[in-house]
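This report covers one predicted protein model.

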Amino acid sequence: MTQPALLRTPLSVIAWWAALTGILWLAGTALGHPAPLTGCAASAAFLVAVGECGNWLRRRWTARRGGRAATRRSSAR
């Protein structure tokens, strides 16, 4: 079964957020600096938001340049 495109993006963002929350919490615990899970979740939400904004800017920049920037670079080699 395929998911509609409208549902795919939010599910992907939630999955990244949950995974990053777990990674931050486990890393802090393993290094002896345990942080509350809510703090890790907030930090993960911030990092995911910054990443999504960066991805949006990258896609917008590529579209503005005609979408062929990667093709031109690879064909020049």
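## Terms and basis

Buried means under 20% relative accessible area, exposed means over 50%, and partly exposed lies in between (1.4 Å probe, protein chains only). Helices (H or I, at least four residues) and strands (E, at least two) are DSSP runs, numbered from the N terminus.

The model is predicted: local features need pLDDT of at least 70, side-chain atom pairs count only at pLDDT 80 or more, and totals for chains, interfaces and linings use all residues. Residues are numbered from 1 along each chain as its sequence is written, and side-chain values use heavy atoms, with hydrogens and water left out.

## Overall layout

The protein has three helices and zero strands. Along the sequence the pattern is α-α-α. Of the 77 residues, 9% are buried.

The protein exposes about 6,500 Å². Carbon and sulfur atoms supply 69% of that area. Accessible areas come from the Shrake-Rupley method with a 1.4 Å probe; for residues, only the protein chains shown count as cover.

## Helix α2 and its packing

Helix α2 spans residues 37–64, 28 residues in total. From first C-alpha to last it reaches 40 Å, close to the 40 Å expected at 1.5 Å a residue. The expected span is 1.5 Å times one less than the number of residues.

C40, A41, A44 and V48 of α2 are buried. The buried residues of α2 pack against α1. T21 is found in helix α1. T21 counts as buried because its relative accessibility is 9%. Leaving aside neighbours within four places in sequence, T21 is in contact (heavy atoms within 4.5 Å) with L37, C40, A41 and A44. Just after α2, G66 takes a positive phi of about 100°.

## A nonpolar surface patch

L7, L11, I14 and W17 form a nonpolar patch on the surface, with about 360 Å² of accessible area together. Patch residues have over 30% relative accessible area and no salt bridge; like charges are joined within 9 Å, nonpolar side chains (Val, Leu, Ile, Met, Phe, Trp, Tyr) within 5 Å. A salt bridge is a side-chain nitrogen of Lys or Arg within 4 Å of a carboxyl oxygen of Asp or Glu.

L11 sits in helix α1 (residues 5–30). L11 is partly exposed, at 38% relative accessible area. An α-helix has 3.6 residues a turn, so residues three or four places apart point the same way.

## Confidence

Mean pLDDT (the predictor's confidence in each residue, from 0 to 100) is 85 for the protein, and 83% of its residues reach 70 or more. Among the elements, α2 has the highest mean, 94. Helix α3 (residues 69–75) has the lowest, 53. Where pLDDT is low, the predicted coordinates should not be read in detail.
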